[in-house]
Amino acid sequence: MRVTLSQDTTPDTARLEVMLKKLERAYGVPRWQPTHDPLGELIATILSQNTSDVNSDRAYAALRTAYPTWEAVLQAAPGKLATVIRSGGLATLKSQRIQAILNALNQRYGGLSLDFLMEMPMPAARALLAEFPGVGPKTIACVLLFACGHPAFPVDTHIHRVTTRLGLLPAGCTADRAHSVLEPAIPPHQVYSAHVNLIRHGRSVCHARRPDCQRCCLRRSCPYPQHLVRSHTGGEGTSQALGAFSRQEEGAGKDMSP
């Protein structure tokens, strides 16, 4: 069966469901467990922007060691705060955003907590988080999914690459737009599993430069192997779209979207 890139704004949900089940057979069904409270997740996700997991984890640990409470972070000297989180990169910008969020939260809601997001409808929670500086679709989805258990779907570099190659996104779809395309197509009870397993697949098989298509559990329904063949025979169409995306990925670094 020949599969081409979707030109619609909504993926084929039946096809997507089959893929997600194959990923679960390959990687298992991950169990959701919160790592941080909602505010902690928001701060941790801001620290993760434009850096590696190792560096962002180090920055978050340093932050909580130097300032055990969010009140202490809010009251910290900006320069000292930036020094504490320097391992996460863009320390001055991130420290400014963190303190701006804490200040806004304190003024609007009279305290430094976002626990109330867990009880809010997801659209309202999403709108509230979007008001904070440096908080975009991916950061919002991370807070809602990982800390609140809402069926929000974060799209990182790996997920964007894999779902583009699978033809689940419209041609030219950006990572930000992919949030609104993919999230409605995934059953709420599978959102966490889909997120974790697509990242696992991107890291272990569907690499940016040299995807291991022979080992891919989704090979039969993926247009990318066809692209690899066509790119060697001068084919056009899907191969051009996927080839351009592949070249873009090769030059891309860590996911930098907020």
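Author: Ala, Val, Leu, Ile, Met, Phe, Trp, Tyr, Cys and Pro count as nonpolar, Asp, Glu, Lys and Arg as charged, and the others as polar. The model is predicted. By that classification, the lining of the largest cavity divides into eleven nonpolar residues, one polar and three charged.

Reader: Which residues of that lining lie nearest the centre of the largest cavity?

Author: The lining has 15 residues, and those nearest the centre are His201, Cys206, Cys213, Cys216 and Cys222. Helices α9 (157-165) and α12 (224-233) each supply at least two residues of the lining.

Reader: What makes this space a cavity and not a pocket?

Author: A 1.4 Å probe fits in a cavity but cannot get out, whereas a pocket is open. The search of the whole structure finds one cavity of 30 Å³ or more. The volume of the largest cavity is about 110 Å³.

Reader: Why is Arg165 called buried?

Author: Buried means under 20% relative accessible area. Arg165 has a relative accessible area of 1%, so Arg165 is buried. This residue is found in helix α9.

Reader: What does the side chain of Arg165 reach, and how do you know that the pair is a polar contact?

Author: The side chain reaches the backbone oxygen of Ala208 at 2.8 Å. The cut-off for a pair of N or O atoms is 3.5 Å, and one atom must be able to donate a hydrogen and the other to accept it. The distance of 2.8 Å is within 3.5 Å, therefore the pair meets the distance condition.

Reader: Turn to Leu63. Why does Leu63 count as buried?

Author: Leu63 is at 0% relative accessibility, which is under 20%, so Leu63 counts as buried. Leu63 is found in helix α3.

Reader: Which residues does Leu63 touch, leaving aside neighbours within four places in sequence?

Author: Leu63 is in contact with Ile43, Leu47, Trp70, Val73, Leu81, Val84 and Ile85. Contact here means heavy atoms within 4.5 Å. For one of these, Val84, the C-alpha to C-alpha distance from Leu63 is 6.2 Å, at 21 residues apart in sequence.

Reader: Which members of the largest nonpolar core touch the most other members?

Author: They are Leu39, Leu42, Leu63, Trp70, Leu129 and Phe132, out of 39 residues in that core. Helices α2 (38-48), α3 (53-66), α4 (70-75), α5 (78-84), α6 (91-109), α7 (122-130) and α8 (137-147) each supply at least two residues of this core. Another core, of 33 residues, lies apart from it and has Leu145, Leu198, Cys206 and Leu218 among its members.

Definitions and conventions: Residues are numbered from 1 along each chain as its sequence is written. This is a predicted model: local features need pLDDT of at least 70, side-chain atom pairs count only at pLDDT 80 or more; totals for chains, interfaces and linings use all residues. Side-chain values use heavy atoms; hydrogens and water are left out. A nonpolar core is a set of buried Ala, Val, Leu, Ile, Met, Phe, Trp, Tyr and Cys residues joined through side-chain atoms within 4.5 Å. Buried means under 20% relative accessible area, exposed over 50%, partly exposed in between (1.4 Å probe, protein chains only). Helices (H or I, at least four residues) and strands (E, at least two) are DSSP runs, numbered from the N terminus. On a 1 Å grid over the protein atoms alone, a cavity is a set of points where a 1.4 Å probe fits but cannot get out, and a pocket is an open set with protein on both sides within 12 Å along at least five of seven lines; lining residues have an atom within 4 Å of a point. Grid points are joined across faces, edges and corners, and a volume is the space filled by probe spheres set on the points.
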